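Reader: Could you take me through one part of this model in close detail? I'd like to know what it packs against and how its ends look.

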Amino acid sequence: MRLKYLREQKKISQLKLAMDLNMNQNSISRYETGAREADYATLIQFADYFNVSIDYLLERTDRPEFLK
């Protein structure tokens, strides 16, 4: 998952991301390292937050924009 890459591109900390999404920092860390997999609702939250498609977030495409 591109979560860490997207977070670093926005220059925000794990703690800020966690606070913005009403999560805890430990969860963000686990998502970034692959120790935990995000459920559908969480994937949607991440995609909406970074304004990218879920396919981009999950590294299924290199195009971050939504396809119509």
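Author: Happy to! Let's start with a term: contact means heavy atoms within 4.5 Å. Helices (H or I, at least four residues) and strands (E, at least two) are DSSP runs, numbered from the N terminus. The model is predicted, so local features need pLDDT of at least 70 and side-chain atom pairs count only at pLDDT 80 or more, while totals for chains, interfaces and linings use all residues. Residues are numbered from 1 along each chain as its sequence is written, and side-chain values use heavy atoms, with hydrogens and water left out.

The protein has five helices and zero strands, and the part to look at is α3, residues 25-33. An α-helix has 3.6 residues a turn, so residues three or four places apart point the same way.

What does that face meet? The buried residues of α3 pack against α1 (3-9), α2 (14-20) and α4 (40-50).

Now the ends. At the start of α3, the backbone nitrogen of Asn26 has a side-chain oxygen of Asn24 within 3.1 Å. After α3 comes Gly34, with a positive phi near 85 degrees.

Conventions:
Buried < 20%, exposed > 50% of the residue type's maximum accessible area, 1.4 Å probe, protein only. Polar contact = N/O pair within 3.5 Å; in protein donor to acceptor, adjacent residues only side chain to side chain.
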